[in-house]
Each structure stands twice: as structure tokens, then as C-alpha cells.
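Visitor: I would like to go through this model term by term. Could you show it to me?

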Amino acid sequence: MRPTTDTAPPGAAIPGGGREAPPTPDAPASLKVVPARHYARWASAAAVTVLAAQFVHGLATNPVWEWSVFRDYILSETIVQAVSVTLQLTAYATVLGFLLGTVLAFMRLSRSPVLQTVAWTYIWIFRSIPMIVQLVFWFNLSALYDRLGIGIPFGPVFWSVDSNSIIGTMGAAVIGLTLHQAAYAAEIVRGGVIAVDHGQLEAAAALGIPRLRQIRRIVLPQAMRAILPTAGNEIIGLLKGTSVVYVMAIGELFYQVQVIYGRNGRVIPLLLVATAWYVVLTSLLSIAQYYVERRYARGANRTPPPTPLQRARRFVRTLRAAAAQRNQPVIPLKPLGDSR
């Protein structure tokens, strides 16, 4: 059977001495490939670049920023001590708030209507009241209870002490921040626990695993993957929210900055000092959150992507390998059959 021109390859000889006609200009192989031109994207990138350059130029040339004042105060003893107070408030409120929030979360998840109602009421009240109102309230607790004691409810008191001697200014701030944070932490923990498939608990119960071990070994490791991103946001928000305690005259970062620029009138550079410290602290918390999330993601992703530090090390090794390859001497090739 003679092959037809429809099945022969393009340009192949055809019976009778002729050749197949060349492909028509409309054939896909003959079309000119033109890359897509994103004019709007280029214009947007140029506009953003110009605005960013103008902002950086203003930072460098505007004398109102007073970079000399910024350099004088950024590492001054007063500011560093204020940063230490800010970190203490954040650490205390984070640890105590999430401990209390975890208890409240499991109270809401319990089958007891009393525990559910108490936890729900706590969360409802403390999320409804602004933090600054709670701080001022706890600051004036001694006006409501002048003495705190231990005894039988509605009965005699065995031991009591002046409330001002126990709850000072710092203690009132920690209590206010902790109770406020616990309401949000409870919902974060409860959301993470709910995200775990309930069938796993049923399987664990069928295997006879105790309830406490189910929570510790099955629920919490999986719930942490859902808890950590939101918890990280809350901790960062709490770090910045500690600036509210300036109403209690506690020497945290924002309060000390206010005191200093109230004396020397250098408002802008001192606000820049506070901004720089908040950016540094927030960045450190974000880095810590990244590595903690990476650790708890091992259960779902056995081969996590490399960290930025690992990528930087790999890039340096690649550059070194390329440089070493370029420095190797070139060995000329001998022609075939040349035995000399």
C-alpha cells in the first residue's frame, strides 16, 4: 500500500520525485512567540519603587527626624530598662494567660453545663471590656477590697493581708493583662482542639488509652498546628498592648518615651526610638514563631522546606563550588590516535 501525503512527515519526499509542500505560515511551528507584556504591572512596580525611594530619601534628609537624638537614646540605660519591663509584662501575661486560657478552653469543651456556663461567661465578659478599663479597675482593687484573706466561704477568715501590700502597680498590670489575654487564649486553644478529628479519640478510647494521655499525646500535638499561628499573633499583639499600662505609670517602653519627650520636646526622634524597639522585638517573636511552627509541623510534613538560614548556607556553598570549579586548571584534550 502506498503511503498517502497525509501520513508522511513535513518536507519528506513523495513518490514521483517531488517533495511535500513547506508548512503554511499558519502552522504553530512557524508562529513568532511574543512574550506577554504586563504594562500595568510594570507601571505599578515603578510607582511603588518611586514612592519607597522618596520615603527613604525623606528619612535620610528631613532634619525633623533628628537622627542624632535617636542615636543618643536608642541604647540609653533608661530605654533599655523600659524594654526589660515591657518584656517582663509580655512574658508574665503570655504564660499565665495561656495557662488560664487552656483551663477555660477545656471547661467549655467539658460535658458539665456548670463549667461550660462559667467559662463562656468569663470569655464573654473579659472580651467585652476594653483592656484599659480592666487595668484601671485592677489598679483600684484596694478601694473595693482593702484586705484579702483565706478562709471558709461565707465563714470565718483565717488569714488576711492588706491588698495594697500584695497587689502593687506591677501586680495589677500583670493581673489585668493575664485575665484579658486568657479570654482570647481560651478560644484559640478551643479552636485548635476542635480541629482535631474526633475519630482519633474514639480509636484511642477503643484501644484503652486513658483520657489524659489521649489529650497529651494525640490531641495537643495536632492541635498545636492550628493554635500556633493565631497564638503568635496574640503574643505579638500583647507585646504592643503592654503600652496601655502607661495609665498606671509603669515604666515600660512607651511610658518612658513619653516622659523623656515631655522634658526635652524631641517628640519625633523619641517616638522613632520606641518604634525601632517594637519592630526589633516583634521580629524576634516572629522568628521564634516560625521555628516553633516548623517543629510542630513535622507530624504533617516529613520534609519541611529549608529555613532561610539553610538557604543562605546552600547559596554560599554553591558560590564556593562554582569558584573552585573556575580555578581548576584546564587540561587540553589530545586528538585521537596521538600517542605522544
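Guide: What follows is a set of questions about the words used for this structure. The model is predicted, so local features need pLDDT of at least 70 and side-chain atom pairs count only at pLDDT 80 or more, while totals for chains, interfaces and linings use all residues. Residues are numbered from 1 along each chain as its sequence is written, and side-chain values use heavy atoms, with hydrogens and water left out.

Visitor: How many helices and strands does the chain have?

Guide: The chain comes to 13 helices and 2 strands. Helices (H or I, at least four residues) and strands (E, at least two) are DSSP runs, numbered from the N terminus.

Visitor: What span is expected of helix α4, and what does it reach?

Guide: The expected span is 1.5 Å times one less than the number of residues. Helix α4, residues 113-128, has 16 residues, and its C-alpha atoms reach 22 Å from first to last, close to the 22 Å expected.

Visitor: Which residues of α4 are called buried?

Guide: Ala119, Tyr122, Ile123 and Phe126 are buried. Buried means under 20% relative accessible area, exposed over 50%, and partly exposed in between (1.4 Å probe, protein chains only).

Visitor: What puts these residues on the same side of α4?

Guide: They cover an arc of only 95° around the axis, so they lie on the same side of α4. The arc is that of the directions from the helix axis to the C-beta atoms. On the other side of α4, Pro113 and Val114 are exposed. The cover over the buried residues of α4 includes α3 (77-109), α5 (131-139) and α8 (169-194).

Visitor: What makes the meeting of Glu66 and Arg266 a salt bridge?

Guide: A salt bridge is a side-chain nitrogen of Lys or Arg within 4 Å of a carboxyl oxygen of Asp or Glu. For Glu66 and Arg266 the N to O distance is 3.1 Å, so the pair meets the definition. The pair links distant parts of the chain, 200 residues apart: Glu66 in the loop between α1 and α2, Arg266 in the loop between α11 and α12 (267-296).

Visitor: What is noted about the phi of Glu66?

Guide: Glu66 has a positive phi of about 50° although it is not a glycine. Most residues other than glycine have a negative phi. Ala249 likewise has a positive phi, of about 60°, and is found in the loop between α10 (211-241) and α11 (253-264).

Visitor: Which residues are linked in a network of salt bridges?

Guide: Arg108, Glu187 and Arg190 are linked in this way. Arg108 and Glu187 have their closest N and O atoms 3.2 Å apart. Arg108 lies in helix α3 and Glu187 in helix α8, so this pair ties together parts that are 79 residues apart in sequence. Glu187 and Arg190 meet at 3.0 Å, N to O, and both lie in helix α8, 3 residues apart, about one turn of the helix.

Conventions. Contact = heavy atoms within 4.5 Å.
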